[in-house]
Amino acid sequence: MTSFQPAEPGTIDGARAPWWRSAVVYEVYLRSFADGDGDGVGDLAGLRSRLDHLADLGVDAVWITPWYPSPMADGGYDVSDYRDIDPRYGTLADADALLAAAHDRGLRVVVDLVANHTSVEHPWFRAALAAGPGSPERARYFFRDGRDGGESPPNDWISAFGGRAWTRVTEPDGRPGQWYLHLFAPQQPDLDWENPQVQADFDDILRFWFDRGVDGVRVDAAPAMAKEAGLPDAGHGPGAVFDSARWVGNPHWDVDGVHEVLRRWRRLADAHGDRLIVTESVVNGPERLARYVRPDEAHTTFNFDYLHAPWDGPTLRAVVDATLATLEPHGAPATWVFSSHDETRHVTRFGRAETGVALMGTGSTGEPTDLALGLRRARAAVLLTLALPGGVYLYQGEELGLPEVEDLPEEVLQDPTWERSGRTVRGRDGCRVPLPWSGTRPPFGFGPDGSVPWLPQPATWAALTAEAQRADPGSTLSLYRSALHLRRRRAELHEAPLTWVDDLAGRPGVLAFDRGPAFRCLVNLSAEPLPLAGHGRVLLASGPGDGALAPDTAVWLDRG
Ligand code: NOJ
């Protein structure tokens, strides 16, 4: 275990607020971040070699997507051993070295906890298959007899990746047998969280990682971790699609039992000190979301309403207000996020006519995209996001202004959505293309020269490498870095409430708010320039302007 002495980014005027209340957490999608051994896949050695980039950028923590042994049916979200590191990524010793190196730089480390489902290759599932119906091994999962004499699935539940959520197994005697539940890919069987053995095993897994020094866990698919007793039909009609942000009273999503699991983990996290539990909970609106951060549950949760919002002033303002109003009674800070390894990169989204997003982005919509417009908006968006009260999640590569890669050849696509949708929905690979670090041609420093990244990088990324942007004060990387460093220094961005500036209320395309008496953020989402006179001294702007804030531009001002 490593001891942790960070620079205390969460310090507020000498008083210590828990670090996670206003932390900026940088998502590392491990297999696409940096490749240390040249096999084309990112790994822990690569990540370690690039920690200085993250420390210099000014983030407070990294969230690392699953690093466990996995057959990679879903990019590692199909875990076959929760207490080890996939050999493609390194070893447990590499994980320890990474934790120590991150902590040395004042960076905290959050790991992914994928507890709704395992891999089909996990020994628990193999044992369940071998043991047969009615066995305690099968009771860890949802094995059920089919309907219609076993021929049809036990109910109408559907998979997030398309198609039904049940797969029939062949029993040890060779006959077609029971069905098992998988709300994601068939290679990801759901665990039954009512099972005491499942609960006890995950207590040990959490302790294992907390004792090794991880600073928190990101709970994957939290609302899936309880199912309504009796597994009743959900009423999904033919061709129904997974749409958990709209579901109400669904028997396989956001069922009350998930909160018992979170309470159990919160007790365990508290017993280990200053550890974070953050949930991924795509549920129906802020009221349902707030239930995940009640005082004895998770500390924070991702804000999908913000992530999915279109680039539109009134909508964003309504999301900010609803988020703050519903979380505040629980004493939980908000989080703000615009991109992740599951969504179309927001530079691309914001350059389309339809700027909002549906979960698990389609990758390519064929819509015309104005990337210059998208980048301008994304640059404004980061000033908006970093000025809001609470924590922030940044997705690797957004600091470089990377767009979605929409033209990946079909033969390289790996997201299970592609096959599960009958090759109609390309899925999430376009936001997972390995990062460009340096140089003028692939692999752009992602791995050693001559190595071939697992997804091809566009040649145009030569202009977007971290190296190319570092020295350019006008680059997106420089903007992110300046904003993050300024945010760290301005105490009011960690403690002062948000107040909307009402004298701009007549401009619905403008978001204007103060954080305390001396800090103002203006974001111009309208088509007209906004005069800046009287607002204060410009600290940082997302684009050029001369006495006026251009459309799709944001600015931070000092009013002291
Ligand atoms: C959410 C993760 O972010 C996503 O990448 C994964 O496919 C699903 N959960 C299933 O684990």
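The residues of the shell around the ligand divide into three nonpolar, three polar and seven charged, where Ala, Val, Leu, Ile, Met, Phe, Trp, Tyr, Cys and Pro count as nonpolar, Asp, Glu, Lys and Arg as charged, and the others, Gly among them, as polar. The model is predicted, so that local features need pLDDT of at least 70 and side-chain atom pairs count only at pLDDT 80 or more, while totals for chains, interfaces and linings use all residues. Residues are numbered from 1 along each chain as its sequence is written, and side-chain values use heavy atoms, with hydrogens and water left out.

In total 13 residues surround the ligand, the closest being Asp 74, His 117, Asp 220, His 341 and Asp 342; a residue counts here if one of its heavy atoms lies within 4 Å of the molecule. The table lists polar contacts, which are pairs of N or O atoms within 3.5 Å.

| Residue (polar side-chain atom) | Distance to a ligand oxygen atom |
|---|---|
| Asp 74 | 2.6 Å |
| His 117 | 2.9 Å |
| Asp 220 | 2.7 Å |

The protein covers 99% of the 290 Å² of accessible area that the ligand has on its own, as computed by the Shrake-Rupley method with a 1.4 Å probe.

Asp 201 is found in helix α5 (residues 196-212), helices being DSSP runs of H or I with at least four residues. Asp 201 is buried, with a relative accessible area of 11%, and buried means under 20% (1.4 Å probe, protein chains only). Leaving aside neighbours within four places in sequence, Asp 201 is in contact (heavy atoms within 4.5 Å) with Arg 83, Trp 124 and Arg 140.

In helix α9, the buried residues are Gly 313, Leu 316, Val 319, Val 320, Thr 323, Thr 326 and Leu 327.

Technical notes. Buried means under 20% relative accessible area, exposed over 50%, partly exposed in between (1.4 Å probe, protein chains only). Helices (H or I, at least four residues) and strands (E, at least two) are DSSP runs, numbered from the N terminus. A polar contact is a pair of N or O atoms within 3.5 Å; within protein, one must be able to donate a hydrogen and the other to accept it, and residues adjacent in sequence count only if both atoms are side-chain atoms.
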